[in-house]
Amino acid sequence: MSASENIDRLIAGLADWRGKTLAGIRKAILAADNEIVEEWKWMGSPVWSRHGNIVVGNAHKDKVKLTFAHGASLPDPEKLFNNGFGGKVWRAIDVFEGDKVNARALTSLIRAAIDYNQLKLKKKADAKKKAPLKKAAGATGAKAKAAKQRSD
């Protein structure tokens with residue numbers, strides 16, 4: 001079964017407000033970018049990613065929780081984050097029964113997370129390009145011979 005099918009099944013199995021809420025959240029997430037990938041990780045959690053994890057969605061007994069992998073680094077002008085402020089990386093949005101999800105703001109937050117992931121990849125690639133090549137121990141060649149002659 002594909003990740004998308006697992007997510008479909010999870011939503012269908014939530015016969016109360018949580019299923020409807022998670023379905024709406026999923027729609028807003030997927031609307032942010034057509035290259036977002038749905039994944040099924042950690043023994044049953046829907047994960048949306050692009051160039052790295054963006055957000056994990058879980059239905060709990062009393063809420064639907066969206067945990068953003070790099071939420072602490074994302075702009076949140078609409079103040080969607082309402083949990084996870086004690087950490088340095090993750091941030092979460094807890095949605096309780098009766099809460100209205102601002103789909104436009106959520107889609108903007110998803111786009112910011114994608115931008116963050118892309119920037120992180122670019123920095124990593126740039127660092128690799130700038131990293132000096134290390135010589136293997138016992139290298140041979142003119143410099144190794146000259147160094148050996150000086151030490152003799």
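Me: What joins the side chains of Glu 38 and Ser 4?

Reply: A polar contact of 2.5 Å, meaning a pair of N or O atoms within 3.5 Å, where within protein one must be able to donate a hydrogen and the other to accept it, and residues adjacent in sequence count only if both atoms are side-chain atoms. Bear in mind that this is a predicted model, where local features need pLDDT of at least 70, side-chain atom pairs count only at pLDDT 80 or more, and totals for chains, interfaces and linings use all residues. Residues are numbered from 1 along each chain as its sequence is written, and side-chain values use heavy atoms, with hydrogens and water left out.

Me: Is Glu 38 buried or exposed?

Reply: Glu 38 is buried, at a relative accessible area of 14%; buried means under 20%, exposed over 50% and partly exposed in between, with a 1.4 Å probe and protein chains only.

Me: And where does Glu 38 lie?

Reply: In strand 1, residues 37–41. Strands (E, at least two residues) and helices (H or I, at least four) are DSSP runs, numbered from the N terminus. The Glu 38 side chain also has a polar contact of 3.0 Å with that of Trp 48.

Me: Which residues is Glu 38 in contact with, leaving aside neighbours within four places in sequence?

Reply: Ala 3, Ser 4, Ile 7, Arg 26, Leu 30, Val 47 and Trp 48, with contact meaning heavy atoms within 4.5 Å.

Me: New topic. Which residues have the most contacts inside the largest nonpolar core?

Reply: Ile 36, Ile 54, Val 55, Phe 68, Ile 93, Leu 106 and Ile 110, in a core of 28 residues. Such a core is a set of buried Ala, Val, Leu, Ile, Met, Phe, Trp, Tyr and Cys residues joined through side-chain atoms within 4.5 Å.

Me: Which element gives the largest share of this core?

Reply: Helix 3, with seven residues.

Me: What does Ile 110 touch, apart from neighbours within four places?

Reply: Ile 29, Ala 32, Ile 36, Ile 54, Val 55 and Phe 68.

Me: How far does helix 3 reach?

Reply: Its 28 residues span 41 Å from first C-alpha to last, close to the 40 Å expected at 1.5 Å a residue; the expected span is 1.5 Å times one less than the number of residues.

Me: What do the buried residues of helix 3 pack against?

Reply: Helix 2, strand 3, strand 4 and strand 5. Among those buried residues are Ala 105, Leu 109 and Asn 117.

Me: What's at the start of helix 3?

Reply: A side-chain oxygen of Asn 102 comes within 3.3 Å of the backbone nitrogen of Arg 104.
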